[in-house]
Amino acid sequence: MDAKKGFALLAAVFVASPFALGFGLVLLVSASDHDNRGGGVGGDFVATAGKLRIGPGYVPAQYAGLIEKAAASCDQGLSAGILAAQLDAESNFNPAAMSYEIRNGKRIPLAKGIAQFIDDTWASQGVDGDGDGDRDVWDPVDAIPSQGKMMCDLLKTAKKHPNYSGSPIELALAGYNAGWGWVDYYDGVPPARFADGQTYSYVKDIMANQARLTAPDTSGTPEMSGEWTKPVNASIGTEYHVPGGMWSSGYHTGIDFTASTGTPVHAIGPAKVVSAGWGGAYGNQVVLRHADGVYSQYAHLSRIDVSAGQTIPGGQVIGLSGNTGNTSGPHLHMEVRTGPAYGSDISPVPYMRSKGIRI
């Protein structure tokens with residue numbers, strides 16, 4: 001059923017499973033409701049990357065490897081912290097979790113297992129994670145890779161809609177929770193008025209919780225010290241996710257600072273230098289990894305002043321802005337990523353603000 005061509009009612013009752021939302025719940029939706037687009041979750045949360053925090057109150061040790069492998073198998077920049085926070089929200093890491101819908105006064109089993117798949121979705125999305133010839137929704141060895149694959153596919157779809165309200169990871173979470181049809185219907189994350197705020201809260205809670213479940217990188221301590229600062233003394237020109245044909249992804253994957261050639265470029269925070277050199281369309285670039293597992297990238301430099309493997313304090317000059325690579329003029333292109341490579345971008349401004357950077 002095409003939501004944008006006008007439907008009014010889905011009859012059933014949603015009780016416990018966030019994942020089942022959109023497949024069976026009470027919703028009264030009029031065509032005019034679509035006039036108000038989804039609003040994301042406020043843009044104040046940022047995705048982290050890196051190893052998971054393991055132990056009581058965090059990620060159970062027996063699932064951490066599965067979650068990290070599922071995240072690493074995705075080429076769209078999916079972080080282990082997001083998958084872990086999602087499992088926490090879905091089932092509290094309980095592989096025997098069951099949720100129900102109420103139909104005609106009876107409890108009907110609905111979503112199953114650690115990742116809370118309903119039967120129809122499991123039939124199309126479930127994978128044989130351990131290669132034993134059996135796809136078992138109750139077995140985390142199958143369910144967690146299936147969750148990762150589905151989220152990866154949703155994230156890829158989300159990146160095709162830079163005009164939608166919400167970051168790609170927020171859109172993917174909303175699609176997992178409510179079904180992608182509702183994301184299309186609202187042109188973004190469904191707003192708080194949708195389904196009593198269940199999808200809105202689901203996305204917001206996961207985005208807030210994923211940082212708690214991600215362990216900091218302490219391998220550079222105490223050398224990895226220093227302050228957090230703007231990358232360059234210049235204003236922002238082109239912002240994140242501006243659509244356009246000049247970018248291969250169809251949208252701008254970072255932010256541009258209007259810096260003239262030769263302007264000093266600073267590491268935004270303490271970091272290890274992952275790479276420093278030619279980056280194709282990015283020209284001369286530097287990629288840094290910060291202690292929280294997030295990466296920052298600085299492109300089109302006219303000069304590079306650091307080398308791969310260095311541990312540097314925040315604020316250190318890493319090079320000079322320039323006009324190298326595929327550019328239309330001198331500037332600093334900067335990205336914040338959940339991985340070191342292209343395609344794992346997240347919104348840079350909320351991340352920098354979360355570190356106390358005034359921007």
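**Note on helix packing and selected loop residues**

1. Helix α2 and helix α5 (residues 168–178) pack with their axes 12 Å apart and at an angle of about 30°, which makes α2 roughly parallel to α5. Angles under 35 degrees count as roughly parallel, over 145 as roughly antiparallel, 65 to 115 as roughly perpendicular and the rest as oblique. The axes are lines fitted to C-alpha atoms, for helices over the stretch in contact, and the angles run from 0 to 180 degrees between N-to-C directions. The crossing of α2 and α5 is right-handed, a term used if the near helix is turned clockwise from the far one by less than a right angle, with left-handed used if anticlockwise.

2. This is a predicted model, in which local features need pLDDT of at least 70 and side-chain atom pairs count only at pLDDT 80 or more, whereas totals for chains, interfaces and linings use all residues. Residues are numbered from 1 along each chain as its sequence is written, and side-chain values use heavy atoms, with hydrogens and water left out.

3. The secondary structure of the protein comes to 8 helices and 15 strands, where helices (H or I, at least four residues) and strands (E, at least two) are DSSP runs numbered from the N terminus. Of the 359 residues in the protein, 52% are buried; buried means under 20% relative accessible area, exposed over 50%, and partly exposed in between, with a 1.4 Å probe and protein chains only. Among contacts in the protein with a separation of 6 or more, 61% are between residues 24 or more positions apart, contact meaning heavy atoms within 4.5 Å.

4. Returning to the pair in point 1, Ile82, Gln86 and Glu90 in α2 meet Ile169, Leu173 and Tyr176 in α5. The residues of the contact of α2 with α5 divide into 4 nonpolar, 1 polar and 1 charged, with Ala, Val, Leu, Ile, Met, Phe, Trp, Tyr, Cys and Pro counted as nonpolar, Asp, Glu, Lys and Arg as charged, and the others, Gly among them, as polar.

5. Helix α2 (residues 80–91) also packs with helix α1 (residues 61–72), at an angle of about 130° and with the axes 8 Å apart, and α1 and α2 are therefore oblique to each other. Their crossing is right-handed. On the α1 side the contact involves Ile67, Glu68, Ala70 and Ala71, which meet Ala80, Leu83, Ala84 and Leu87 in α2. By class, the residues of the contact of α1 with α2 are 7 nonpolar, no polar and 1 charged.

6. The axes of α5 and α7 cross at roughly 130° and come within 9 Å, so that α5 and α7 are oblique to each other; the crossing of α5 and α7 is right-handed. From α5 the contact draws on Ile169, Glu170, Leu173, Ala174, Tyr176, Asn177 and Ala178, and from α7 on Gln198, Thr199, Tyr202, Val203, Ile206 and Met207. The contact of α5 with α7 has 9 nonpolar, 3 polar and 1 charged residues.

7. Ser321 is placed in the loop between β13 (317–320) and β14 (332–337), and it is buried, with a relative accessible area of 0%. Its side chain reaches the backbone oxygen of Ser260 at 2.6 Å, a polar contact being a pair of N or O atoms within 3.5 Å; within protein, one must be able to donate a hydrogen and the other to accept it, and residues adjacent in sequence count only if both atoms are side-chain atoms. Leaving aside neighbours within four places in sequence, the residues in contact with Ser321 include Ser260, Thr261, His300 and His331. Ser321 and His331 are 10 residues apart in sequence and, C-alpha to C-alpha, 6.3 Å apart in space.

8. His252 has its place in the loop between α7 (198–209) and β6 (255–257) and counts as buried at 1% relative accessibility. A polar atom of the His252 side chain lies 3.0 Å from the backbone oxygen of Glu239.

9. Asn104, in the loop between β3 (98–103) and β4 (106–112), has a positive phi near 55° and is exposed, with a relative accessible area of 76%. Ala195, in the loop between α6 (180–186) and α7, has a positive phi near 50°, but Ala195 is buried, with a relative accessible area of 7%.
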